[in-house]
Amino acid sequence: MPLAPSTDRTLWDFAGIDGLQVARHLFGESIAHISPFQSLTTTLQGYPCAVLRLCENNFRVALPQVLALDGLIRPLRWRVWVARSPYLTALSLPVEPGLCWLYQRATTKPLYRLQPLLGDRAVPARLEGIALLVWHHEWLGQPRLELHMATADLPLVQAHIAKAGLGEERRAIAP
């Protein structure tokens, strides 16, 4: 069964030579103190916001759909690109059952571990050969577990989720 995009948020990516400077400008100095695959929950112009650091100058931001990140970054004239990728999608799973299922089914490469996956952390993983980014963080005061993947892989991941019986609570997040 296809999932409708969630109305509570959208995922944005931005990166470039000035990526860290843009992140500091938007989210404050604390963003510079988190490592890759760590995140923080904050606000941006009064809206809830979750920011995941993917690498030194590359960030993924979850924002309510009413707030367009590109409109905030482009006027800064710094050397970054910002986009909502049509090739990226995410599914939200119930945290505890989702983590138990991932511990049994997903694999990681050395250095990265799913167990334990603390809050405000992400881990690159594979599920039956499908590349995922598993992000455990807070959204609107509640823990959230997300699987980020290529849009083309969505039907395969949905099938694995349905087979595991996790389908009732899953929802898609708008790219």
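This is a predicted model: local features need pLDDT of at least 70, side-chain atom pairs count only at pLDDT 80 or more; totals for chains, interfaces and linings use all residues.
Student: How many aromatic pairs does the structure hold?
Tutor: Rings of Phe, Tyr and Trp (its six-membered ring) pair if their centres lie within 6.5 Å; planes under 30 degrees apart count as stacked, over 60 as edge-to-face and the rest as tilted. Counted that way, the number of aromatic pairs in the structure is 2.

Student: Which parts of the chain does the pair of Phe-14 and Phe-59 tie together?
Tutor: Phe-14 and Phe-59 are stacked, with 5.3 Å centre to centre and 20° between the planes. Strands (E, at least two residues) and helices (H or I, at least four) are DSSP runs, numbered from the N terminus. Because Phe-14 belongs to one strand and Phe-59 to another, the pair ties together parts 45 residues apart in sequence: strand 1 (residues 5-15) and strand 4 (residues 58-63).

Student: Is Phe-14 buried or exposed, and what about Phe-59?
Tutor: Buried means under 20% relative accessible area, exposed over 50%, and partly exposed in between (1.4 Å probe, protein chains only). Phe-14 has 0% relative accessibility, and Phe-59 also has a value of 0%. Phe-14 is therefore buried, and Phe-59 is buried.

Student: How is the pair of Phe-37 and Tyr-112 arranged?
Tutor: Phe-37 lies in the loop between helix 1 (19-27) and strand 2 (39-44), and Tyr-112 in the loop between strand 7 (106-107) and strand 8 (121-127), so this pair ties together parts 75 residues apart in sequence. Phe-37 is buried at 17% relative accessibility, whereas Tyr-112 is partly exposed at 28%. The ring centres are 5.4 Å apart with 80° between the planes, an arrangement that is edge-to-face.

Student: What is the phi of Phe-37, and why is it worth a look?
Tutor: Most residues other than glycine have a negative phi. Phe-37 is not a glycine, yet its phi is positive, at about 70°.

Student: Which peptide bond is cis, with omega near -5°?
Tutor: Most peptide bonds are trans. The bond runs from Gln-115 to Pro-116.

Student: Over which ring does the charged end of Arg-9 sit?
Tutor: A charge sits over a ring if NZ of Lys or CZ of Arg is within 6 Å of the ring centre and within 35 degrees of the ring normal. Arg-9 lies in strand 1 and is buried, with a relative accessible area of 0%. Its charged end is 4.6 Å from the centre of the ring of Trp-139.

Student: How far is Arg-84 from the ring centre of Trp-12?
Tutor: Arg-84 lies over the face of Trp-12. The distance from the ring centre is 5.5 Å.

Student: How many disulfides are there, and how far is the sulfur of Cys-49 from the closest cysteine sulfur?
Tutor: A disulfide is a pair of cysteine sulfur atoms within 2.5 Å. Cys-49 is buried at 1% relative accessibility, while Cys-100 is partly exposed at 41%. For Cys-49 the closest cysteine sulfur is in Cys-55, too far for a bond at 18 Å. The number of disulfides is 0.

Student: Where is Pro-110, and how far is its C-alpha atom from that of Val-66?
Tutor: Pro-110 is in the loop between strand 7 and strand 8, and it is exposed, with a relative accessible area of 77%. Pro-110 and Val-66 are 44 residues apart along the chain, and their C-alpha atoms are separated by 39 Å.

Technical notes:
Residues are numbered from 1 along each chain as its sequence is written. Side-chain values use heavy atoms; hydrogens and water are left out.
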